[in-house]
Amino acid sequence: MKILDGKCRSCRSDDLSVILDLGQQPLANSLPENADTNEKTYPLTFALCGNCSLYQILESIPPEELFSNYLYRSAFSDAMQAHVSGLVSRLIGERRLGADSFVMEVASNDGYLLKHYIARGVPVLGIEPAENIADIAIKEHGVKTEVEFFEVTTAKYFYDKYGAADVLHAHNVFAHSPDPVGFLSAVRKVLKPDGVAVIEAPYVLDLIELCAFDTIYHEHYSYLSVVAVHYMADRAGLALIDVERTPIHGGSILYTIAHQGTAANGRVIDFLDYEREIGLGTLAYAQNFSQRVQNLCRELEKHLLNRARKNEVVVAYGASAKGSTLLNYLGDAARKLSFVVDRSPLKQGRYMPGIGVPIKPVESLLEEQPEAAVLLSWNFEREIARQQRVYLERGGRFIVPVPKLREVTLASLD
Ligand SMILES: [Zn+2]
């Protein structure tokens, strides 16, 4: 697979406009074990297709390179567990699933979703490329799991071995496929004639409105809208028949996709109309986003350099993938950070990719009481500010970078 082929990953048109050039970026989840900043970097370019309205990055790093070394799977929150268990109950009821039915999930992780089907007596198959994670699904949750990527060739193998599915789940994985139409073609191969695929992915509208450009990284090839998915489904010989907004990952959409011949419901039509009305897929809309991102980063850069000039100690909170995008885009201003704190022991002792800043336990905030901490996990602002009340009481402050630069002090907490 080429890193760059200059064509839209959905419609193959070459009508691509660069919206945001995020420069050379390391792989956001590859936290190195030493401060060597000469690790491999790749360009990261956010673009819009003028033909099918798909937002995407232009680069395609092979998934094997991105995901084979996946150390860090986030634990599933209670909110996520409630979300998937409610969804499973609804699908079992609506589609009358039982012991004769069959459910598949792509990127089934540790079985967090499929275990709810098993509890209700519905046979399942999980497909998960990370062997250590698949092992947990099999041993701890009794979820039959194949260690594989999901693509047209493996879909044929699953179909031949296990038969067709009544429901196929794909949560937070579709945008990680370098070839989304190929992914849907694979879905078509394994769906029963009246089966449905339930696909959940972050909504690009929320990304743009929130200015959350830091969720752009090499693992996320596509940034989906209803218009773009509607088009892709059609190209793959399928039909988008229902959509629903969900709060997952800061704003996602649950797409229901079936074989062609099933009509789209009113919600799909409403979303298509709405996205066209606000101009979501237009260059003007995209360029406004780009301008906001550049303004925000210039402001943050100035802020950090000012503090550095005064010899203040500034750190960051949250060694997340999106932190990596933001810090590497900032470049030299980010290298002035003394350290990054993170709650995960797996990340502590390693370094932020690209900028070589060490990752320490969260306790370091109190031990070293830096003047300010950039909140890279800005989506958990309230939770983190509450947990770190003592740091704020002692005069510490959080710098929230997104959607707008502002500071959180003890005063703003009360
Ligand atoms: Zn396109």
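Biologist: Hi! How many residue pairs are in polar contact between domain 1 and domain 2?
Modeller: There are 4 such residue pairs, both partners being at pLDDT 80 or more. A polar contact is a pair of N or O atoms within 3.5 Å; within protein, one must be able to donate a hydrogen and the other to accept it, and residues adjacent in sequence count only if both atoms are side-chain atoms.

Biologist: What kind of model is this?
Modeller: This is a predicted model, where local features need pLDDT of at least 70 and side-chain atom pairs count only at pLDDT 80 or more, while totals for chains, interfaces and linings use all residues. Residues are numbered from 1 along each chain as its sequence is written, and side-chain values use heavy atoms, with hydrogens and water left out.

Biologist: Thanks! And where are the two domains?
Modeller: Domain 1 covers 78-278 and domain 2 covers 285-413, with bounds that come from an automatic or database domain assignment. Taken over C-alpha atoms, their centres are 33 Å apart. Domain 1 brings 13 residues to the contact and domain 2 brings 15 residues; contact here means heavy atoms within 4.5 Å.

Biologist: How much area is buried between domain 1 and domain 2?
Modeller: About 1,300 Å², and carbon and sulfur atoms give 73% of that. Buried area is the accessible area (1.4 Å probe) that two parts lose on being put together, summed over both. Cys211, Phe213 and Asp214 supply 49% of what domain 1 buries against domain 2, which is more than any other three residues.

Biologist: How many salt bridges cross that interface?
Modeller: The rule finds 0 salt bridges between domain 1 and domain 2. A salt bridge needs a side-chain nitrogen of Lys or Arg within 4 Å of a carboxyl oxygen of Asp or Glu.

Biologist: Which helix gives the most to the side of domain 1 that touches domain 2?
Modeller: Helix α7 (residues 204-210) does, with 5 residues. Helices (H or I, at least four residues) and strands (E, at least two) are DSSP runs, numbered from the N terminus. By class, this side of domain 1 has 10 nonpolar, 1 polar and 2 charged residues. Ala, Val, Leu, Ile, Met, Phe, Trp, Tyr, Cys and Pro count as nonpolar, Asp, Glu, Lys and Arg as charged, and the others, Gly among them, as polar.

Biologist: Back to salt bridges: how many does the structure hold?
Modeller: It holds 17. One of them joins the side chains of Arg90 and Glu94 (3.5 Å, N to O).

Biologist: Why are Arg90 and Glu94 separated by about one helical turn?
Modeller: Because they are 4 residues apart in helix α2 (residues 78-94).

Biologist: New topic, sheets! What is the strand order in the open sheet of 6 strands?
Modeller: The order is β14-β13-β12-β15-β16-β17, with mixed pairing. β14 (359-360) and β17 stand at the edges with a single partner strand each, so one side of each has no neighbour in the sheet. Two strands pair if DSSP finds at least two bridges between them.

Biologist: Are β15 and β16 parallel or antiparallel?
Modeller: Strand β15 (residues 372-375) and strand β16 (residues 397-400) are parallel, over 3 bridges, and Ala373 has Phe398 as its bridge partner in β16. By contrast, β16 and strand β17 (residues 406-408) are antiparallel over 3 bridges. There, Ile399 stands opposite Glu407, and Val400 has Arg406 as its bridge partner.

Biologist: What joins β16 to β17?
Modeller: A hairpin, through 5 residues. Pro403 sits in that loop, and a cis peptide bond joins Val402 and Pro403, with omega about 0°.

Biologist: And what about the open sheet of 4 strands?
Modeller: That one runs β1-β2-β3-β9, with antiparallel pairing. Its edge strands are β1 (16-26) and β9 (222-223), each pairing on one side only. β1 is joined to strand β2 (residues 41-49) by 8 bridges, and Gln25 stands opposite Tyr42 in β2.
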